[in-house]
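This report covers confidence, packing and surface. Start with the contacts of one residue, then widen the view.

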Amino acid sequence: METKQQPTHPEPAAAATETGLPDGEAADVIDKERFDTAPDAREAALAGAMLDQQERRYRKRLFLTLAAVATVVFVICLLSGRYNCTKAELLASLGHGLLQGVISVLNLPAEHWGWWQPLSNPIEVTWGQDIDTVMWTVRMPRILAVMLIGGGLSISGASFQCVFRNPLVSEGILGVSNGASLGAVLAIFFGFGPALTSLCAFAGGMLAVGLAYSCSKMFRGNPTLVLVLAGTVVGSLLTAGNSIVKYLAPQDTKLPQITFWLMGSFAGISWSKLRFMGPLILICSLGILRMCWQLNLMALGDDEARALGVDTARARKILIFLATVITSSAVCVCGIVGWVGMVIPQITRLVVGPDARRLIPATFMVGSIFLMLVDIVCRTLVVTEIPVGIITSLIGAPIFLVLLKRVKEGWA
Amino acid sequence: MSTLTVENACFSYDGKTEIFSGLSFSMENKEVLCILGPNGIGKTTLLKSLMNLHPLKSGVIRVDGTDIRHMPRRELARTISFIPQAVQFTFPYKVLDVVLMGRTPHLNSMARPSEEDYQESIDAIRRFLLLDEPTNHLDYGKQMQTLDIIRAMKEQNVGMIMTTHNPDHTFIACDKVAIMNHGAFTTVGPPNEVVTKKNLREIYGIDVDIIDYHGSVERKVCIPLPGDR
């Protein structure tokens, strides 16, 4: 995006002062001249509109590129793993399943009203039932969830960075992760099943942020600063709670379970969990996407945004709610996935710039791609699955460093 | 023609110490009002109150008879705009983006402004403009250019309230000067009457000579004098 230099306008003041008129008149001349030769409003409007069109073209290209990359990574992710079978079999199963979906929709009128002969799937099944199970019962829901979680955590991290005007903030700043952890840890401690554990984690995350938000209302002062402080206080209280439960938990049964939950894992994701968290993450992300311009203004500062007509208290409430729902639903199915919410928005910002209209959608896709890559590593590097949190840091940190060095002259 | 009226405005951050109280004035959208006053007296606070960023403890601010507290934020933003002394940019926004953000109240759709939107938004001029030390941090030439722009905008029927720490600027660009001290406007009037040796002594605690300059321009000029010690 190169912005063209506006044509410079001649300085009128110098000419006017040499006319030698008495001072009142001279002043009028200066004003008039400056006023008349001021950059033409129409020209400026057109230039603005033109640049905006360029901007929209750039955004379109950017998102198409990212979507293409995401699709490729998605397929690679589906094909990689430790199950003993060939890539071709998996690919055939994938193609067959997708085609079957399309065909069954196309066949609806045929079956109901007999308009035409029902179509049949052109890909012949030459593989075992187990391949279909691996592809459609194990990997598909898991990787769709991974995409949504990566995108969702990044988008809520990015919006929090704008709301709190701080690039070091992550989605957990208001205590959502600590709350979700405590919920899950308590559920494991009391021996609840996995579904109830997820529900407890979700509730814990929402409650923690609700608590932080209502605490912040008790204090006067800079609202975002007070919120961060309240979030930190609530977070550390909940961490203490976590530690207490861990301390009390039986060392040989419950404690390892708790520890593994806290390290995060995608292994337990099923269609039923995806059906719960998928719509939540998608709807809330779309909600945040609609507020990009407000995010831009809020990143300028609270007073500035309000002076420009934004009801910041309301916008902040909505954004915090949406981001918290996203994070809670992500955390409740896969445990704590650190680092993504803070660093992916930063990496994206380094490349596309800080304008939320680019950053927010781009960060969703970059987050998805990143977490899918992480998932590939988790599943293929060694025989047993590696906890996600370890790999996100191991991969993310070097990427971030390399980018930081590369784009020294860009957006950093 | 628009009028901005402030009646008995009173503001306090903590509910006890009043920053200003019983402050009243009114101005039209063809005047430049300049507020002079010592550091920390509440000039910025007053400007933010006028924008309803700091709601008053008591008193009313009206634009053409409408209480600004009853105006929706966006409506108020279309009527009065506020340029803070400094905006701290956390993220490296492009200049064009920031300019566009400034036009937000005039855009119909914040997400996808159309070409007509740009046209309208640039034609739309707010009736009042609050400038918090607009010349602060600028080099000498740009300070004068800024004052030129202020005078040119006055001709477009924009009423402006600015604060400054340079009394010379009041002679260059302002129609009225208000001295803010001890929680109220102590004096309001044309620069020639208000910016006097005595008043400047009271605000700044230093002696200033004010002389009539007769040269390529005719106006008063302030000459700060060396201190007693």
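## One residue and its partners

In this predicted model, Ile149(A) is in contact (heavy atoms within 4.5 Å) with Phe266(A), Ile269(A), Met277(A), Ile281(A), Ala330(A), Val333(A), Cys334(A) and Leu371(A), leaving aside neighbours within four places in sequence.

## Nonpolar cores

A nonpolar core is a set of buried Ala, Val, Leu, Ile, Met, Phe, Trp, Tyr and Cys residues joined through side-chain atoms within 4.5 Å. Buried means under 20% relative accessible area (1.4 Å probe, protein chains only). The largest such core has 110 residues. Ile149(A), Phe266(A), Ile288(A) and Leu371(A) have the most contacts inside it. Helix α5 of chain A (residues 129-163) gives the most to this core: 15 residues. Domain 1 (86-127) and domain 2 (144-406) of chain A both contribute residues, so the core lies between them. Those bounds come from an automatic or database domain assignment.

## Chain A overall

Chain A has 16 helices and zero strands. Helices (H or I, at least four residues) and strands (E, at least two) are DSSP runs, numbered from the N terminus. Of its 412 residues, 50% are buried.

## Confidence and conventions

Over residues 1-38 of chain A the pLDDT is below 50.

Residues are numbered from 1 along each chain as its sequence is written, and chains are lettered from A and ligands numbered from 1 in the order written. Local features need pLDDT of at least 70, side-chain atom pairs count only at pLDDT 80 or more, and totals for chains, interfaces and linings use all residues, while side-chain values use heavy atoms, leaving out hydrogens and water.

Terms used. pLDDT is the predictor's confidence in each residue, from 0 to 100.
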